[in-house]
Amino acid sequence: MSSAFYIVLMALFILGCQGQYPTTPPPTPRHPPRPAFPALKGRLIPRRPPNNPGPLSNRNLVIFIAQELKRNITSDPKNYTGSWVGNNYCLYKGFYCDTVPDKNITGLAGIDFNGARFRGNLNFYRFIRFLPDIAIFHANSNNFSGLIRPNINKLRYFYEIDLSNNGFQGGFPVSIIGAIQLTFVDVRFNTYNGRVPPRVFDIQTDVLFINNNQFTQRIPTAFGNTTARYITLANNKFIGSIPQSIGRTWKTLTEVLFLNNRLTGCLPYEIGFLQRATVFDAGFNILTGPIPQSFACLKNLQLLSLAHNQFYGRIPDSLCRLPNAYNFTLSYNYFNSIGPYCRRLWRIKKLDVRRNCIPGFPGQRPASECTGFYSIRRSCPRAGSYNVITCQNPAASLSRSQVAALQDMAPAPAPLTYKALVEPPR
């Protein structure tokens with residue numbers, strides 16, 4: 001075969017791969033606009049002090065359900081209910097008032113029972129449906145239970161719900177999906193099980209925490225529809241691969257935790273589209289394959305964990321050139337090669353490659369274990385996609401001195417999602 005023919009053949013192959021695997025971000029899903037809050041007629045009155053709120057919206061209704069809840073609480077170690085007396089619910093501990101826009105009088109805007117550690121027969125839905133002006137309901141680390149009914153979508157201002165670390169059971173509370181104004185959804189540390197309905201990822205929320213439940217089956221392709229900036233799917237029993245549709249979340253997704261599930265398969269190159277991502281954690285699964293070259297485009301990435309999987313091959317040096325690299329954990333895999341930039345990142349203790357198959361590095365797997373792993377032929381679907389670069393100016397364009405200077409100055413990250421993995425006392 002002549003060299004000229006070989007060059008032409010390779011050029012046609014590369015062009016074919018470029019056409020097969022798009023290098024520009026996919027279109028993000030179109031969502032209908034969030035419904036507007038009920039219109040205000042006239043000028044909004046300023047928030048009034050709790051001890052002088054003026055006329056109260058739904059006074060009798062709120063007091064009735066508060067007293068019913070009080071009777072059902074059998075343990076109140078922080079004495080919330082001791083203040084639930086009188087006709088001014090703005091003075092009740094855990095109750096927060098503000099002006100109700102469409103009524104222009106004071107009403108109950110928020111409930112914060114976080115850490116109250118109530119015990120008793122606490123039916124969440126029966127309680128909240130008597131709070132028509134509620135906007136925020138936080139009740140983590142209590143003993144609420146029961147079904148969440150579809151009528152929750154009639155709460156016209158409702159935009160934050162935190163039911164984490166309670167006693168909820170059964171399938172995912174699909175009625176939450178009907179509350180289309182939600183921007184914060186937290187149902188972690190319950191015993192929800194089964195599949196996560198695809199429509200969950202159509203909620204136009206900024207935060208979606210569903211970790212530490214018993215969810216199973218595959219992560220839906222609809223994952224790519226989410227508008228969330230912070231997502232935790234950790235510590236469940238999800239199977240299958242990370243959806244290719246993850247690339248559609250490139251405008252918003254900032255931190256995502258897939259760790260400690262039962263995910264398999266190879267990483268989709270579409271992860272490289274996540275230009276806003278600062279945290280990506282898929283550790284403690286059964287994932288395999290090489291790291292896609294598209295990871296060189298994760299210019300804001302600070303924390304990466306692929307530890308305790310079955311990844312193999314060469315660690316891309318372009319990954320180790322990322323300017324904000326702070327802690328990249330690739331330990332307990334089967335990587336067998338490393339380049340100069342990764343060696344530098346390892347020397348400054350920002351790259352962990354323990355228990356791999358890298359010759360000459362300390363703390364690697366026994367040679368027999370590596371030989372046994374590589375004796376089995378392994379491959380990934382869409383093999384051509386692993387060499388695709390998904391950005392115009394990958395980190396590889398930076399000089400060695402620029403990379404070193406940026407990495408040395410990289411600030412310590414302050415991720416939000418890892419805090420969601422800590423179970424509060426209940």
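Modeller: Let us begin with arginine 365, which lies over the face of tyrosine 334, at 4.1 Å from the ring centre. Please keep in mind throughout that this is a predicted model, and that the distances quoted here are computed from it. A charged side chain is also found over a ring at tyrosine 80, where the charged end of lysine 93 sits 4.5 Å from the ring centre.

From charges over rings we can turn to rings beside rings. A pair of aromatic rings is described by the distance of the centres and the angle of the planes. The count for this model comes to 31 aromatic pairs, and two of them can be followed in detail. Phenylalanine 124 and phenylalanine 137 form an edge-to-face pair, with 5.0 Å from centre to centre and 70° between the planes; the cut-off for that name is an angle over 60 degrees. This pair links distant parts of the chain, since phenylalanine 124 belongs to helix α3 (residues 124-128) and phenylalanine 137 to strand β6 (residues 136-138), 13 residues apart. Are these two phenylalanines buried or exposed? Both phenylalanine 124 and phenylalanine 137 are buried.

The pair of tyrosine 192 and phenylalanine 215 is stacked, with 6.5 Å from centre to centre and 10° between the planes. Tyrosine 192 lies in strand β11 (residues 191-194) and phenylalanine 215 in strand β13 (residues 214-215), so this pair ties together parts that are 23 residues apart in sequence. Tyrosine 192 is buried, as is phenylalanine 215.

Asparagine 190 belongs to the loop between β10 (184-186) and β11, and its C-alpha lies 5.5 Å from the C-alpha of asparagine 213, although the two are 23 residues apart in sequence. With a relative accessibility of 6%, asparagine 190 counts as buried, because the cut-off for that word is under 20%.

The largest nonpolar core has 95 residues, and Phe95, Phe113, Phe124, Phe258 and Phe280 touch the most other members. Phe124, already met in the edge-to-face pair, is thus one of the residues with the most contacts to other members of this core. The elements that give two or more residues to this core are α2 (59-72), β2, β3, α3 and α4 (340-347), and α2 gives the most, with five residues. A second, separate core has eight residues, including Cys266, Cys357, Cys370 and Cys380.

Which element gives the largest share of the lining? That element is β3, with six residues. By class, the lining is made up of twelve nonpolar, three polar and four charged residues.

The C-alpha atoms of leucine 131 and leucine 108 are separated by 7.4 Å, while the two residues are 23 residues apart along the chain. Leucine 131 is buried, with a relative accessible area of 1%.

Leucine 421, in the segment after α6 (400-409), has a relative accessible area of 21% and is partly exposed; its C-alpha lies 8.5 Å from that of arginine 188, across 233 residues of sequence. Most residues other than glycine have a negative phi. Asparagine 58, however, has a positive phi near 50°; this residue is found in the loop between α1 (3-20) and α2, and at 25% relative accessibility it counts as partly exposed. Asparagine 260 likewise has a positive phi, near 60°, and lies in the loop between β16 (255-257) and β17 (262-263). Its relative accessible area is 37%, so asparagine 260 is partly exposed.

Note on methods:
Residues numbered from 1 in each chain as written. Predicted model: local features only at pLDDT ≥ 70, side-chain atom pairs only at ≥ 80, totals over all residues. Heavy atoms only, no water. Helix = DSSP H or I, 4+ residues; strand = E, 2+ residues; numbered from the N terminus. Nonpolar A, V, L, I, M, F, W, Y, C, P; charged D, E, K, R; others polar. Phe/Tyr/Trp six-rings, centres within 6.5 Å; stacked < 30°, edge-to-face > 60°. Buried < 20%, exposed > 50% of the residue type's maximum accessible area, 1.4 Å probe, protein only. Lys NZ or Arg CZ within 6 Å of the ring centre and 35° of its normal. Core = buried A, V, L, I, M, F, W, Y, C linked by side-chain atoms within 4.5 Å.
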